[in-house]
Every structure is written in structure tokens, then in C-alpha cells.
Amino acid sequence: PALGLFLFTIARDPLRIIILIAGAFFWLVSLLLSSLIWFIAVKASDPRDEPLQKGLLIFGVMFSVLLQEAFRFLYYKLLRKAIEGLVALSEDGCSPISIQQMAYVAGVGFGLMSGAFSMINLLADALGPGTVGIHGDSQLYFLTSAFMTMVLIFLHTFWGILFFHGCEHRRWWEIMVVVVMHLAVSGLTFCNPLYVGSLVPSYVLMAIAAAWAYLLSGGSAQNLRRFLLCK
Amino acid sequence: GSCQGNSVERKIYIPLNKTAPCVRLLNATHQIGCQSSISGDTGVIHVVEKEEDLNWVLADGPHPPYMILLDGNLFNRRVMLQLKGTSRVSGLAVAIAKPSPPQGFSPGLKCPNDGFGVYSKDYGPQFAHCNKTVWNPVGSGLSYEDFDFPIFLLEDANETQVIKQCYQDHNVPRDGSGPEYPLCAMQLFSHMHAVTSTVTCMRRSSLQSTFSINPEVVCDPLLDYNVWSTLQPINSSGKVDPEKEVIIVATRIDSHSFFWNIAPGAESAVSSFVTHLAAAEALHKVSDIHLLQRNIMFTFFQGETFDYIGSSRMVYDMEKDKFPLRLDNIHSFVELNQVALRNDSILWMHTDPVSRMNESVEVQVRNLLSILSDSSVGANVTLQEAGYSQPLPPSSFQRFLRARHIPGVVLTDHRTAFQNRYYQSMYDTPENIRLQYPEGLSPEETLEYVTDTAKSLAEVATVVARALYRLAGGANNTSAIQADPKTVSRMLYGFLIKMNNSWFQSIIKPDIKGILGDVPQHYVAVSSPVNTTYLVQYVLANLTGTVVNLTKEECLNPEKTPSSEKEMYEYAWVQGSLDPNSTSRVPYCVRSTVHLSKALSPAFELRQWGSTEYSTWTESRWKEIRARIFLVASKELEIITLVVGIAILIFSLLATYFINAKADVLFSVPRDPGAVAY
């Protein structure tokens, strides 16, 4: 799905491509910083202490989420400044791209990078002759990882839209909801290998976020009906 | 718990660390050993503990190819040839049998080193090809077969248990029908680069070395060094006077088994060279060495397992005048073969019946045999002749006989067939020579403990030393010549159980103390010198040399010191023993007559890679050797995953396209022109 989104909506406009890549980069930097913190914490602590390691991991994940959202905010600030520049450069006084479009593209950027990071090393190991399971993990590891990645990409896209909208209109509660949702989804992954516990709620949250973003972008139930009937 | 932060690879694979592969060796005409595909061989694990389990692999099992976990007791020729013939086997892992198979196990040939000894159709044809005596009747010749699937040895019983547990959990057939996916599988990597024969691989390697900037050599000849030392010092770079006679005492110091670098060689090699070292020590303690009429050369040949690499090279060097001695100098030859498993304390003396048909040789051989018998009086060793009807057993002496009819004798503990039922196998361990230590001893105590085996070998060493003294022309009473059982015991411990002990550490050079690994193996590898050669050299230097008062600079550069007589002696700076209270060692300089001589088959010097006269054994090169186990999924699951993925891809592309096209329908935004679409 991310490929489809990219191909049909972003690939044509070079400005969007730039925003996409920059968004991906921002996510990457946030991950780098958060992993640095986690790495230092792990090295400084006792590697044999299992609950401590697990606690450190949870802390690391939460910290990473907060850092990602912080970077999203930074990116928003950057894009705001960029709009002023684009307006100055344009001929008719208005920018070629709106903040909502930027929000969408930024979200896709974040999602793509996050998805790539989640899947690439899995794919590399999936190329070998073996599959997950010898230590008792579930056989469906690769499938569920793939679905989880997909839902995360979608979620990042929708959160981008919601987040920027909240920043635009100074509605801080929207931003808080995004952050809380992100924490919730990441926290749910700790339920693995009980995949029902992590996948199903994530998809439910994704549906909620999708609906909300759709409404914010100017859609409505009417439009949806017209669209479906027209088809 | 979940989410341990494991990498995905650790979730999938369990690596097997304590394994030994079977590698490919080549000679002039054949290749032997095992080969895997370049990206490893994978197969579903099946545990074979009795013969009936084989049927599942060969015929019934529904998921070929199989990777067999074979119990050590079933690792015999019949089973292996069955597995060789089928395509349903992709590899084999052998679990070492504890205790050793009681009926004996030897993957070597029934007639070791046949065709490279002295008996051929021109010389004693009735003895050639073991017509008269089969020396190794237990021999199955497995090591000399060519397998096209990898075979690994599982040395650690814990790893074997892990594999069996995985098999029990996933692969056991239930209710007669096949087991269900996911199945436990194993992958073995041991891709060998060399093929066909030494001729082919050396030709390819030499082409690479000549023409390529980055040569890719595919095989290496087996080579190492022989260790030799003389009782009276001789000029190692000059030539010895033709009138000066030398008695050569010889043993081999290497062994082999089916698997690479697993060669404990307790009875086949260690027993003989430890006895030899003890005899050398006893002789050096005699006071009138310099008055002896004849010199004695103690020689330790390396590579004898592979068609006499060391001894054929020494004979070649002697013939071509590249060695201080020549064949004319040799007065007689005494060789010690396997001597640890004596029955009723009898030691057999083997001679060559064909050369004894010559009168002058016969007289000298008789003299030699009588001196040996006289030396055994008073010791707990009975020497008996093997007789005219017996040929010589496989021994380095045969190579010398090929060149010159020298009077000589080979001492062994067997009259006809070997007493050693585990000749050249992984079961030729200290237990095979009844080396036992009481429980609960610390390593230091075990080092110093004198075992019965040590005492028995010391007796043999005493007899040999006394006989050598007499042979060399010594006139005094020989009762003072005694081999020290304590030294023998320490050497047995070091060469069979633990190389990294305090005695060995104190007698080696400071910069090579990293070589002392854990379990000693005596395989003549391709990088030289191997641990065994180093240690034999330094032990011999310690036992037969003298401590001299030189500083480190003088010891390492003896040519600068005027009185060092560098030609005659070798100087070694050894690190000395650890002071009990401190952590530093007191190094010192040892002067000895121990030298190394290159043991590379003359076939490689002469570039006659297809030679039938000299050994042409080479070992293939390889990149990686490892083993791991994991689960494999069924084909159905893989196809489902792929189809689902492709379906989602197509669906999402279509959906995105339609949403994009109808975006103005979906999104009515009065504020901004151009919403999500263009």
C-alpha cells in the first residue's frame, strides 16, 4: 500500500518527493538518537538482569515514541518556514503546496522509513532456508510482522495529518491524542507473540485515525457515499 | 518472555559450535573425503539409532532429502555405503559413541600405506598388498571413500541432545503417517575447492599463482617438519665423514581419523614417540657418550600416515646430499611402532625377510636382535622375534629399505594384526592405552601422577636405550641406564590429555605460548609446524640438551658469541617455569642438538604430482565450515505468504488509483485549492 500511495500521489511532484525524503530523514534521526540513549543505558546496566533489560527496552521504546513525535513537531516548524519561502518564490503569491498536503506527505515519509526499518532485516533473514520457530516462537512471525508494518505505515500517515492540523489550529489536545495513540500502539507490540492482542487493536486504532483524518481533510460521510456509489 | 530484543537470526537458527568436518584430501589419482554444495546442504533431520530407522530415510520418509543424525555405533562401512548410494540423503552428523564401540572401529585401510612401502611385485611380492598378513583387519577404509554430501562429527553431547530434542518435538512420525510441518532441519557448510586429484588441483593452483594478481590456490600439500637430534653433536650444515656410522632410531608423530584435525593417536603415534623421547633422555644421561664408537640419531617423522611423507623426504635428502648424513653412514635402524598394548609384556621384533637373504645383512640383523634380547634381561619386557615368515609392518623403515638394504628392526606390541582396534580413528584415545587417573586430582597432581601405562612404556624405553648403547659400541654396564617413568607420565599427560600444562609451558619459547590448545590432536596439517612438532622439538631439547649461561641476546643470536659452535648446536630461549609465589617466569637458554628438517614429499619438490613413488597427498582449501539447525516451513505456508502479499499489493494499487482519481468527490475542501490530488 505504501508503494501505491507513493506512486500515485507523490511521485509526480518533485516538491512532494523532497518533503517525503526529508520526512524520512527526520524519522531516521529521531530513531538514531533514541537508540543511542537505549544503547548507553543497556551498556551501563547489567546484561544478565532480565527484568531490568525488559524494563530498559520498554523505556527505550517509549522514549523513542516521544522523540519521534518531537521530531514530527520540529518538521512541522520547518515546513511552516518553508511555506513562507515558497510563497515568496511563487509567482501568484500563494504556495504551490498546502500545509495539509505537506502533512500527508510528511506522514508517508515517516511511515515509509519506519516500515523499511521494521522489515528490511526481517527480509534479509527470511531469505535463508529456515523460518522462525525453533525456540518456540510462532510460525506466522513473518506474516504478522508484515501486517504490523503495514498498519504502522498507515498510522504514521494519518498521524501526520492529525498532528499538523493540531499544530495549525493550536488544538493541543489533538497532538496529545496522536502521541497517546502512538504510545498505545507501540506498547501493544509488547503483547507479542499474542498477535491477536497487538494486531487487532492496532487495526482498530488505524480505522479511527483514518476516519478522523479523512474528516479533517474535508471529507464527509456524504462524499464517501457518493464515491462508493459512483463506482 | 516476549520481546527480548533478539535479532531475528537468533530466533531462527541455532548454530552448532563443537563440530568437526570431514574434508577433502587428494592424492595422485583420487579424491577422498566429503563435499557440500557451495551454499550448504539442507535437510530434514532424522535420528538413526538402529538399523530400522534407516528405512525411513532410504524409502519411506515423505520429506527428502534427509540430514541424518547417526549414532556412533552405526558409523560403519555397510551403513555408509548404503547412504552413499542414495540421493535422499543431504548430509550426515555423527554423534561420537561413548564408550567406544567394543568391536573396534578403524576408518583406515586394511593395508596401510600399501604401495609406498618396500614390498611390491619386484621386492617380496608374496608380502605385497598384505597377502601374508593383514595388519589392520578392523579397517573399513571409510576415510578413503569419496562422499558427495557433508559429514560432521558432533563432539559435544549437549549439542547432540539439542538436536534430538528438536527432532522429538517436530519430526517424529505420528501414527504411521509423516510428520507435519514445520520440521526441524539442519544445514551443513563444508564446500571444498579442490577436485579430482592432486594433479588437477596443483596444476590449477600453479596456473593461478603464475598468472593471477590475486591467486586463488585450491589445495595445499600436506607438509610439516621432521625433528631429529644426535647423541654426539654433528655439524648440521656440513657433511658427516663416510666412515662415521650412525644408528637411526625412528618413530612417527602423526595420526589421522575420518574427521579433520581429530587425531588423538594414542596408541598409533603418541605411545611410540613418548617412549622414544624417554629413551633419548636416558641415553643422554650416560657419562661416556662422547666415547661411543657410533653416533645415534633420534628421528621423529611427521606425515607418516599419508604414505610416509617425512621418511621419504629424509631418504630423498640423504640421497641427494642435502642432509648431513648419507645412506652410507647408516649402520642400523631401530623403529618403534605401536608399543602400548603389550600382551603378557611381550614386545615383538619385526625384520624384513627379503633383505635378510643377503648374508652380510643377515649377520648384522642377527647381531641387532641378540643385543636387543640381551638388553631386556632384568626388565619387565620379553622380546620375541616375529620370524622369517612375516614381512615388516607399515613403518618408516620400509622407505629406507627401498633405498638401501640396511639392517633394522621394528618393535611393536603385535605379532600379526594390530592390537590397536581403533587404528587411525577418533577412538584412539587415552582410554585405548589404558591410561587412567584416579578421581579428584587437580591438573598439577594429574601431571605428576605416574600411571601404570607410563611405567610400562618406561620399561620399553629402558630396553631400547640399553640396546642402543650396546649397538653404539658402549662397553660399560648398562644397568644404570633407566628411563624415568615420571617423565613418561608427564609426556603422556601433555600429549594426550592437556597440552596446556605447567611443564610444557615452562619449556617452550615465550612468543609461542598461545599455541597450547585444549585437546591435543596430532594431524599433519598444511600450516607448519603444528603443535605436536613444536612440542616434540622443545621436549626433546629439554630432555637432551643442557642449560647454558647465556643472556637472551646471546642465546637468540649465537653466531655473535665466539664459543657457541653454532653449527653443531641449536640454542633456544625458553620461558622457564612459573615461580610459585610470583607471576613471572625465569627464562633461560637451552643448548641442544635438536634440528628440524622439512617434511614435504619429494613429489612436490620434483613437481611430479602424479608420482606413484612418493606421497602426493594434498588437502583442499575451503572458505567456511559451519553447521546450524532451524525449522523449515511447509511449501504451502510459503506460497500463501507470497500470494497474500501480491494480493495486497495489487489491491492497494487499485484502491489508491481510484481514490486519487475521484479525490475531488471524496474531499470537498472550500479553503484550499487542490487537496490531496493534483
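In this predicted model, helix H3 (residues 50–89) of chain A packs against helix H6 (residues 172–188) of chain A at an angle of about 145 degrees, and their axes are 10 Å apart. Helices here are DSSP runs of H or I with at least four residues, strands are runs of E with at least two, and both are numbered from the N terminus. Axes are lines fitted to C-alpha atoms, for helices over the stretch in contact, and angles run from 0 to 180 degrees between N-to-C directions. H3(A) and H6(A) cross in a right-handed manner; a crossing is right-handed if the near helix is turned clockwise from the far one by less than a right angle, and left-handed if anticlockwise. On the H3(A) side, the meeting residues are Val61(A), Met62(A), Val65(A), Leu66(A), Gln68(A), Glu69(A) and Arg72(A). Their partners in H6(A) are Val178(A), Val179(A), His182(A), Leu183(A), Ser186(A) and Gly187(A), where contact means heavy atoms within 4.5 Å. Sorted by class, this contact holds seven nonpolar, four polar and two charged residues. Ala, Val, Leu, Ile, Met, Phe, Trp, Tyr, Cys and Pro count as nonpolar, Asp, Glu, Lys and Arg as charged, and the others, Gly among them, as polar.

H3(A) also packs with helix H4 (residues 99–126) of chain A: the two axes come within 11 Å and cross at roughly 140 degrees. H3(A) and H4(A) are therefore oblique to each other, given that angles under 35 degrees count as roughly parallel, over 145 as roughly antiparallel, 65 to 115 as roughly perpendicular and the rest as oblique. The crossing of this pair, H3(A) with H4(A), is right-handed. From H4(A), the contact draws on Ile99(A), Met102(A), Ala106(A) and Phe110(A). Facing these are Gln68(A), Phe71(A), Arg72(A), Tyr75(A), Tyr76(A), Leu79(A), Ile83(A) and Leu86(A) of H3(A). The residues of this contact of H3(A) with H4(A) comprise 10 nonpolar, one polar and one charged.

Elsewhere in chain A, helix H5 (residues 141–168) contains Ser145(A). Ser145(A) is buried at a relative accessible area of 14%; buried means under 20% relative accessible area, exposed over 50%, and partly exposed in between, with a 1.4 Å probe and protein chains only. Setting aside residues up to four places away in sequence, Ser145(A) touches Met119(A) and Leu122(A). Cys167(A) is likewise buried, at 1% relative accessibility.

Turning to the disulfides, the total over all chains is five, with a disulfide taken as a pair of cysteine sulfur atoms within 2.5 Å. Counting bonded cysteines along chain B, its disulfides follow the pattern 1-2, 3-4, 5-6, 7-8, 9-10. One of them joins Cys111(B) to Cys130(B), with an S to S distance of 2.0 Å. The torsion about this S-S bond is about 95 degrees, so the link of Cys111(B) and Cys130(B) is right-handed. Both cysteines lie in the loop between strand E7 (89–95) and strand E8 (146–147) of chain B, so the pair ties together parts that are 19 residues apart in sequence. Cys111(B) is buried at 16% relative accessibility, and Cys130(B) is buried at 11%.

A second disulfide pairs Cys201(B) with Cys219(B), whose sulfur atoms are 1.9 Å apart. With 80 degrees about the S-S bond, this link is right-handed. Cys201(B) sits in helix H5 (residues 198–211) of chain B and Cys219(B) in strand E11 (residues 219–221), so parts 18 residues apart in sequence are tied together. Cys201(B) is buried at 1% relative accessibility, and Cys219(B) is buried at 2%.

Cys555(B) and Cys589(B) form a further disulfide, at 1.9 Å from S to S. The link of Cys555(B) and Cys589(B) is right-handed, with 80 degrees about the S-S bond. Cys555(B) belongs to helix H15 (residues 552–556) of chain B and Cys589(B) to strand E21 (residues 588–592), so the pair ties together parts 34 residues apart in sequence. Both Cys555(B) and Cys589(B) are buried.

Also in chain B, Thr275(B) is found in helix H6 (residues 266–284) and is buried, with a relative accessible area of 1%. Beyond its neighbours within four places in sequence, Thr275(B) contacts Val339(B), Leu457(B), Val460(B) and Ala461(B). Its C-alpha atom is separated by 26 Å from that of Gly139(B), 136 residues apart along the chain.

Residues are numbered from 1 along each chain as its sequence is written, and chains are lettered from A and ligands numbered from 1 in the order in which they are written. Local features need pLDDT of at least 70 and side-chain atom pairs count only at pLDDT 80 or more, while totals for chains, interfaces and linings use all residues; side-chain values use heavy atoms, with hydrogens and water left out.
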